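The following report describes how two chains meet, and how the record annotates each of them. The sequence and structure come first.

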Amino acid sequence: MTVMRAPGGMSRTGRTVRLAILLAFVVLFLIPVYVLVVTSFKPLDEADPSSAWSLPERWSTSGWSAAWTELKGGLANSVKIAVSGSIISAVLGSLNGYVLSKWRFPGADVVFTLFLFGMFIPYQAVMIPLAGLLTDIELSGTIRGIVLAHVVYGIPICTLIFRNYYVTIPDELIEAARVDGAGMLRAYWSVVLPVSGPAFAVTLIWQFTSMWNDFLFAVFLGAPDSWPVTVMLNNTAGSGAVAVQYNVQMASALLASLPTLLVYLLLGRFFMRGLMAGALKG
Amino acid sequence: MKTADGTRPVRFRRGRKWLPGLLLVSPSIVAIGLFVYGLIFWNTRVALSGKHDEVSEYGFDGGRNFVDLWDQPSWPGAVRNALVFTAVFVAGALLLGAFLAFLMDKGVRGEASFRIVYLFPMAVSFIATGVVWRWLMNPAPPERAVGLNQLFDKLHLGALANDWWQNPDWGMAAMALPAVWQMSGYVMALYLAGFRSVPEDLREAARVDGASELQVYRYVVFPQLRPVTLSALIILGHISLKVFDLIMAIAGKQIITYVPAVATYVEIFDRHDPANGATIATYMLVAVAVLVIPYLVWSVRSERVR
């Protein structure tokens with residue numbers, strides 16, 4: 001008896017088994033989301049860990065409104081940090097990537113490698129002097145200080161994304177512009193920038209996500225006035241939090257994640273490309 | 001004639017045409033030079049200073065602190081925890097990611113949706129997901145079990161219930177679970193792209209030679225993917241050595257899940273000991289550098305050859 005084979009050389013049972021395993025992992029991956037969502041919509045008296053697997057008997061948004069009150073200051077700071085930081089990052093990355101792919105100078109490879117190492121360093125290894133430096137230039141504890149740190153340490157990944165993207169633009173296009181008398185900046189403006197849309201999208205999304213989710217820089221360099229939502233969340237719902245209101249905690253965690261989740265769901269394609277860029281040759 | 005006409009201007013330009021490029025990148029070069037390399041240098045200086053409080057002067061202790069650290073009660077445990085975490089996290093994310101990619105390689109209905117689900121944890125912070133993981137991995141005893149232990153109990157899998165990250169011996173293995181959850185989708189995406197770049201002819205040739213589907217993967221597909229595996233190992237490895245948010249969100253500064261990144265934080269903010277904080281940070285940097293530098297050099301070089 002012959003088994004029916006799918007084009008890929010896989011039997012029908014094989015395909016069903018694969019699908020079943022993949023679906024099982026979908027369930028596993030979504031367990032934390034399920035708990036977050038159902039608990040966040042429970043009224044306080046229902047929000048108990050012992051009953052957290054069950055759906056709310058009475059749906060309530062009280063957890064969400066309490067979370068909003070607690071976190072709105074942090075959310076505003078996060079918006080300021082992530083929006084301004086990602087825009088500056090993208091502009092810098094675009095210019096650097098352009099030069100390192102199309103207007104190379106002697107030693108460009110060395111510079112690029114030295115940049116890339118900056119992407120991997122544990123930021124703890126610069127944190128003590130960085131905090132001192134920001135104090136010296138009076139940016140300690142300010143939003144601008146946090147943005148500065150994000151932008152500087154974001155230079156490597158942004159340069160990498162743009163450089164890898166610009167390598168695919170044919171050199172002849174630049175050469176043609178040059179023959180027409182365009183200098184470096186004119187060629188950038190008229191040839192390179194108009195086709196840079198996807199790389200800007202990837203970089204903006206990538207930087208927005210990592211700045212929004214950052215905890216390390218914020219906790220070392222921030223102050224109560226400038227704390228982004230991650231630090232606020234960790235203070236109110238983290239391991240050291242005193243008051244335990246599970247519905248508020250879970251709603252806070254969701255609220256703090258919504259912006260990046262939305263970006264991911266709406267623009268996931270670009271998010272993926274950013275991930276791949278992080279793997280250099282992946 | 002044309003060549004003669006064309007050559008001169010090109011050569012003329014070649015002499016200085018790179019200068020504007022260098023100028024345009026120079027702000028970034030200065031920034032990276034100062035903020036990455038300058039501050040690393042300064043941090044090393046602090047590590048060698050013997051400055052164990054915030055008021056005394058910077059001295060020079062000849063690197064004694066790098067040795068003394070090992071006599072501190074919390075440090076060897078932090079290193080061990082980081083190693084256990086790294087082993088479980090890297091192996092777990094790599095195997096699960098490769099397995100998911102293997103299942104999806106031939107195409108599956110609704111592939112886009114699967115990818116979205118497996119990858120979404122990367123878009124959220126551990127500070128946020130730690131809130132729920134802390135609760136899921138709650139070690140309360142059976143009679144008042146909550147979280148995953150309660151779920152196991154309901155599914156008649158009570159034997160699986162355990163102390164999770166509060167187990168003194170292997171707690172860090174449990175701590176790696178949320179990290180596997182976050183990063184395996186990324187590994188899946190890397191491998192899936194890799195699998196699909198292996199030409200179908202190669203696979204077909206192996207099949208003609210009588211290889212089974214599994215053998216095709218074992219002897220044809222995976223050997224082609226060594227660069228992908230290397231990338232994934234480096235990425236996971238350096239994340240793992242630096243793990244901070246996850247631990248802070250789930251356990252805070254408890255000694256049982258102490259790792260170098262948390263230790264740096266504690267030395268700086270709680271113990272007000274810059275020299276110790278900087279020394280631990282230097283050890284972290286060395287660990288990451290040993291892992292990453294050969295990879296970077298290899299990456300940039302092989303790309304230039306190509």
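In this predicted model, helix α1 (residues 12-40) of chain A and helix α4 (residues 75-104) of chain B have axes that come within 10 Å and cross at roughly 140°, so that α1(A) and α4(B) are oblique to each other. The crossing of α1(A) and α4(B) is left-handed. On the chain A side the residues that meet α4(B) are R18(A), I21(A), L22(A) and F25(A), and on the chain B side their partners in α4(B) are L100(B), L103(B) and M104(B). Divided by class, this contact of α1(A) with α4(B) holds six nonpolar residues, no polar residues and one charged residue.

The crossing of α3(A) and α2(B) is left-handed. V111(A), L114(A), F115(A) and G118(A) are the residues by which α3(A) meets I29(B), I32(B) and V36(B) of α2(B), and the contact of α3(A) with α2(B) comprises six nonpolar, one polar and no charged residues.

Helix α5 (residues 143-166) of chain A also packs against α2(B): their axes come within 10 Å and cross at roughly 110°, and α5(A) and α2(B) are therefore roughly perpendicular to each other. The crossing of α5(A) and α2(B) is left-handed. From α5(A) the contact takes V152(A), Y153(A) and I155(A), while α2(B) supplies S28(B), A31(B), I32(B) and F35(B); by class, these residues divide into six nonpolar, one polar and no charged.

| Helix pair | Axis separation | Crossing angle |
|---|---|---|
| α1(A) and α4(B) | within 10 Å | roughly 140° |
| α5(A) and α2(B) | within 10 Å | roughly 110° |

Taken as a whole, the contact between the chains involves 84 residues from chain B and 78 residues from chain A. Helix α2 (residues 19-47) of chain B gives the most to the side of chain B that touches chain A, contributing 16 residues. That side of chain B is made up of 60 nonpolar, 16 polar and eight charged residues.

Within chain A, the domain assignment gives domain 1 (12-51) and domain 2 (68-278), and the centres of these two domains of chain A, taken over C-alpha atoms, are separated by 32 Å. Their contact draws 10 residues from domain 1 of chain A and seven residues from domain 2 of chain A. The side of domain 1 of chain A that touches domain 2 of chain A consists of six nonpolar, two polar and two charged residues.

The unreviewed UniProt entry for chain A places the annotation "transmembrane region" at residues 20-41, 81-99, 111-134, 146-166, 187-208 and 248-267. In the predicted model, residues 146-166 of chain A are 100% helix and 0% strand, with end C-alpha atoms 29 Å apart, whereas residues 187-208 of chain A are 82% helix and 0% strand, with end C-alpha atoms that lie 28 Å apart.

For chain B, the unreviewed UniProt entry gives the feature "transmembrane region" at residues 21-42, 82-104, 116-136, 170-193, 228-251 and 280-298. Residues 116-136 of chain B are 71% helix and 0% strand, and 23 Å separate their end C-alpha atoms. Residues 228-251 of chain B are 83% helix and 0% strand, and their end C-alpha atoms lie 33 Å apart. The unreviewed UniProt entry also places the feature "domain: ABC transmembrane type-1" at residues 79-297 of chain B. Over residues 79-297 of chain B the chain is 73% helix and 0% strand, and the end C-alpha atoms lie 27 Å apart.

Terms used
Residues numbered from 1 in each chain as written. Chains lettered and ligands numbered in written order. Predicted model: local features only at pLDDT ≥ 70, side-chain atom pairs only at ≥ 80, totals over all residues. UniProt positions renumbered as here; feature names shortened; annotations may be inferred. Helix = DSSP H or I, 4+ residues; strand = E, 2+ residues; numbered from the N terminus. Domains from an automatic or database assignment. Contact = placed C-beta atoms within 7 Å. Nonpolar A, V, L, I, M, F, W, Y, C, P; charged D, E, K, R; others polar. Left-handed = near helix turned anticlockwise from the far one by under 90°. Axes fitted to C-alpha atoms, helices over the stretch in contact; angles between N-to-C directions. Parallel < 35°, antiparallel > 145°, perpendicular 65-115°, else oblique.
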